[in-house]
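Have a look at the structure first.

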Amino acid sequence: MKVHYDDEVDALYLSLGDQAPDGVIEIAEGVNLDTTADGKICGIEILRASDRLNLDTILSYTLELDQGISKKKAA
């Protein structure tokens with residue numbers, strides 16, 4: 001999932017995959033689902049995002065790495 005925020009228009013977009021959208025379903029005023037040709041949701045657009053969400057929370061993230069990846073056995 002990729003998150004993009006455009007502060008000039010106050011719009012948040014959540015991309016849920018690599019598929020290109022083929023259609024849009026408005027589920028509420030200013031909240032749209034992008035869909036593929038076969039009806040799968042591939043993105044979510046939220047207009048006036050700063051009024052609807054705490055952007056500090058949604059635009060922050062934490063990476064959790066598998067501890068085994070960082071440990072290598074000495075040969």
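E26 stands opposite N32 in β4. This is a predicted model, where local features need pLDDT of at least 70 and side-chain atom pairs count only at pLDDT 80 or more, while totals for chains, interfaces and linings use all residues. Residues are numbered from 1 along each chain as its sequence is written, and side-chain values use heavy atoms, with hydrogens and water left out.

**How β4 pairs up**
- Strand β3 (residues 23–28) runs antiparallel to β4, with five bridges joining them; strands are DSSP E runs of at least two residues, numbered from the N terminus, and two of them pair if DSSP finds at least two bridges between them.
- On the other pairing, five bridges tie β4 to strand β5 (residues 41–47), again antiparallel.
- The β3–β4 hairpin has two residues between the strands, and G30 there takes a positive phi near 85°.
- In the β4–β5 hairpin, with five residues between the strands, G39 has a positive phi near 90°.

**How covered β4 is**
- Five of the five β4 residues are buried (under 20% relative accessible area, 1.4 Å probe, protein chains only).
- V31, L33 and T35 sit on one side, N32 and D34 on the other.

**D34 up close**
- D34 belongs to β4 (residues 31–35), and its bridge partner in β5 is G43.
- Buried D34 has no salt bridge (a side-chain nitrogen of Lys or Arg within 4 Å of a carboxyl oxygen of Asp or Glu).
- The nearest side chain of opposite charge to D34, K2, is 14 Å away, counting Lys and Arg as positive, Asp and Glu as negative, and leaving out His and the chain ends.
- The side chains of D34 and Y13 make a polar contact of 2.7 Å (N or O atoms within 3.5 Å, where within protein one must be able to donate a hydrogen and the other to accept it, and residues adjacent in sequence count only if both atoms are side-chain atoms).

How values were computed: Helices (H or I, at least four residues) and strands (E, at least two) are DSSP runs, numbered from the N terminus. Buried means under 20% relative accessible area, exposed over 50%, partly exposed in between (1.4 Å probe, protein chains only).
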